[in-house]
Amino acid sequence: MRYEKVQMAVFLERPNRFIARCRMFDGSIQESHVPNTGRCRELLVPGCKVFLQFHDDPRRKTRHTLIAVEKEGRLINMDSQAPNRVAAEALESGALRLTAAPPTLIRREMAYHESRFDLYLEAPGEKLYAEVKGVTLEENGVVRFPDAPTLRGLKHIRELERAAKEGYGAAGLFVVQMEEAEFFCPNDATQPESYQSMIDKDSSAQAAGVQLLARCCHVTPLEITLGEEIPIRLK
């Protein structure tokens, strides 16, 4: 996934979850859209370096979107729309495999009962639903999700389990929006009933056959692509 018209700036403050005030290198102060409703408190620290995509569209209330932030020398993509696109591109190129054979059909935003999954795949003898979650929370090389309570995420766990029990393939993909994390684990302190139950080897989701994997990404100010797989640990 590529970006265009990217500019570097300095983050000043986040008056609400949708807006960041940033100082451009010409000295002007610009309000930028934040495409991530997570808390991101460990990322958006006053004075940190950020990267903004400029939009030449007079209809927009903000002319910039905050797409990445630098934390301790590590570039982290913050675009909540990126993980789905990155996963779809990787599936199409063969860099990601969720089915036994290469998929013959890839669809995004597929309805399933009362839910809607990010991806639906068909391959010879196989139909699979997949949910993609972006991960930006990192501490000492460990990445976690979620960084805030999410009832929607809990619902998707239950629906993946249901799909698996109905004979579909089911996968949960955690797209880590940075490079070189050591391992992924659920953020038990934020929502233990959700992600610990998903990853615990004794959980019903695992027993039903839900496939879980976490992949880092190659991140630059202009691009994000799917990278290497990292281990998933309960703690």
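Two strands pair if DSSP finds at least two bridges between them. Keep that in mind as you look through these close-ups of a predicted model.

**Figure 1. Strands β10, β11 and β13 form an open sheet.** The three strands follow the order β10-β11-β13, and their pairing is mixed. β10 and β13 are the edge strands, each with a single partner, so one side of each has no neighbour in the sheet. On average, neighbouring strands here are turned by 35° against each other, direction ignored. Find β11 (residues 142–145) and β13 to see the parallel pair, joined by four bridges. Then look at β10 and β11, which pair in the antiparallel sense over three bridges.

Figure 2. Which residue of β13 is the bridge partner of Val143? It is Phe184.

**Figure 3. The side chains of β13 point two ways.** Follow the strand through residues 183–186. Phe183 and Cys185 point one way, while Phe184 and Pro186 point the other way. Are these residues buried or exposed? All of them are buried.

**Figure 4. A cis peptide bond joins Phe145 and Pro146.** Omega for this bond is about 0°. Pro146 belongs to the loop between β11 and α2 (151–165).

**Figure 5. Cys40 and Glu72 have positive phi values.** Neither Cys40, with phi of about 55°, nor Glu72, with phi near 50°, is a glycine. Cys40 is found in the loop between β3 (29–33) and β4 (49–54). For Glu72, look in the loop between β5 (64–71) and β6 (74–77). Which is buried and which is exposed? Cys40 has a relative accessible area of 1%, so it counts as buried. Glu72 is exposed, because its relative accessibility is 78%.

**Figure 6. Glu70 and Lys49 form a salt bridge between two strands.** Side chains of opposite charge can pair when their charged atoms come close. Here the side chains of Glu70 and Lys49 meet at 4.0 Å, N to O. Glu70 is in strand β5 and Lys49 in strand β4, 21 residues apart, and the pair links distant parts of the chain. With a relative accessible area of 31%, Glu70 is partly exposed. Lys49 is also partly exposed, at 32%.

**Figure 7. Lys71 and Glu138 meet in a salt bridge.** The N to O distance between their side chains is 2.9 Å. Lys71 lies in strand β5 and Glu138 in strand β10 (residues 137–139), so the pair ties together parts that are 67 residues apart in sequence. Are the two residues buried or exposed? The cut-off for buried is under 20% relative accessible area. Lys71 has 13% relative accessibility, so it counts as buried. Glu138 has 8%, so it counts as buried too.

Figure 8. The side chains of Lys133 and Glu131 meet at 3.3 Å, N to O, in a salt bridge. Both Lys133 and Glu131 are buried. In another view, salt bridges link Glu114, Glu159, Arg162 and Glu166 in a network. How many salt bridges does a search of the whole structure find? The search finds 12.

Notes
Residues are numbered from 1 along each chain as its sequence is written. This is a predicted model: local features need pLDDT of at least 70, side-chain atom pairs count only at pLDDT 80 or more; totals for chains, interfaces and linings use all residues. Side-chain values use heavy atoms; hydrogens and water are left out. Buried means under 20% relative accessible area, exposed over 50%, partly exposed in between (1.4 Å probe, protein chains only). Axes are lines fitted to C-alpha atoms, for helices over the stretch in contact, and angles run from 0 to 180 degrees between N-to-C directions.
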